Amino acid sequence: MNFPVTRLRRLRKTEAMRSLVRETHLRPEMLIYPLFVCPGEGVRKPISSMPGVFNLSVDEAVKEAAECAALGIGGVLLFGLPDAKDEQGSGAWDADGITQRALRAMKADRRLDSLVLIADVCLCEYTSHGHCGLIARDGEHYAIENDSSVALIAKAAASLAVAGADIVAPSDMMDGRVEAIRAALDAAGRQDTPIMSYAAKFASAFYGPFREAADSAPQFGDRKTYQMDGANIREAMREIDQDVAEGADMLLMKPAMPYLDVVRAARERFDLPMGAYQVSGEYSMLHAAFERGWLERERAMMESLLSIRRAGADFIVTYFATDAAKVLG
């Protein structure tokens, strides 16, 4: 029926009515908060390009995680800043590495029992060159090796699972890494540890602030030979297909807002639990607008998260997690 029999505004006239018929909802347990863990004690170092985000020593990271648990947030995603770096990124699988120490400390704190502890699995934070895999050099030319990198990434995943990670999340975008990680987890007696694959991670300009936070900028070249071309949605579906076939239990899309069409396409095609990562550049550009008074802080923050949920994400990795959880109550 058309106007005037049908008046769509009838269902918008009060907040109670709008709430009753609302199609998409946000809850704190759908949010995952990234934490950057660094050496030291009592360290809470501001990240200049990401207002309100810090590099945290293990003790401070535990405090931050406790606040997340108190707010009802679903989980934390851990990134490690090691004491030292080398060509192979050996700190990624060191049993006494920074992320492994953080995981053990968090598992020992009963206040955090409600949180899912997710460990990012990659080499970029640990390599002296900043790439996500091993380098093969030929004079002035270089290439990121795939198969030898996969072996080390799988080794890192097993180390993180043994240290207490509830979920391991490979973000390297090497071919075959999910299958190798599954084999390494099973061999380590961690057959019940899920793999959340960054199944469609694009070579994006929106990662810039993260590279300051994680001290992981490539020292030469770029990551376009292993992260995806932002023009390709059919290839993204192939990437996800491959990871599902190799044993991925969960999927993560990255970035979120510039790739909401990819999130929607993946949701329509795949049945696995799926999240999206609202990355550092998305967070920082919104903050820049907040600071200039160009956008209303709370409304823009919540609208950005709602758009990701509406596109089909079951959960959202976001630096707004604690602020959004406070709004959601």
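Trainee: Is Tyr283 buried or exposed?
Mentor: In this predicted model, Tyr283 has a relative accessibility of 2%, so it counts as buried.

Trainee: And Phe320, buried or exposed?
Mentor: Phe320 is buried, at 0% relative accessible area.

Trainee: How are the rings of Tyr283 and Phe320 arranged, stacked or tilted?
Mentor: Their centres are 4.7 Å apart and their planes meet at 55°, so this pair is tilted.

Trainee: Where do the two residues lie?
Mentor: Tyr283 is in helix H9 (residues 280–291), and Phe320 is in the loop between strand S12 (315–318) and helix H11 (321–328). The pair therefore ties together parts 37 residues apart in sequence.

Trainee: Which residues do ring pairs link into a cluster?
Mentor: The cluster consists of Phe36, Phe79, Tyr198, Tyr277, Tyr283, Phe290, Tyr319 and Phe320.

Trainee: Changing topic, what sits over the ring of Tyr277?
Mentor: The charged end of Lys254 does, 4.5 Å from the ring centre. Lys254 also lies over the face of Tyr207, at 5.1 Å from the centre of that ring.

Trainee: How many aromatic pairs are there?
Mentor: The count is 8 aromatic pairs. One of them is Phe202 with Tyr259: the centres are 4.2 Å apart and the planes are at 10°, so the rings are stacked.

Trainee: How many residues apart are Phe202 and Tyr259?
Mentor: They are 57 residues apart, and the pair links distant parts of the chain. Phe202 is buried at 1% relative accessible area, and Tyr259 is buried at 11%.

Definitions and conventions: Residues numbered from 1 in each chain as written. Predicted model: local features only at pLDDT ≥ 70, side-chain atom pairs only at ≥ 80, totals over all residues. Heavy atoms only, no water. Phe/Tyr/Trp six-rings, centres within 6.5 Å; stacked < 30°, edge-to-face > 60°. Helix = DSSP H or I, 4+ residues; strand = E, 2+ residues; numbered from the N terminus. Buried < 20%, exposed > 50% of the residue type's maximum accessible area, 1.4 Å probe, protein only. Lys NZ or Arg CZ within 6 Å of the ring centre and 35° of its normal.
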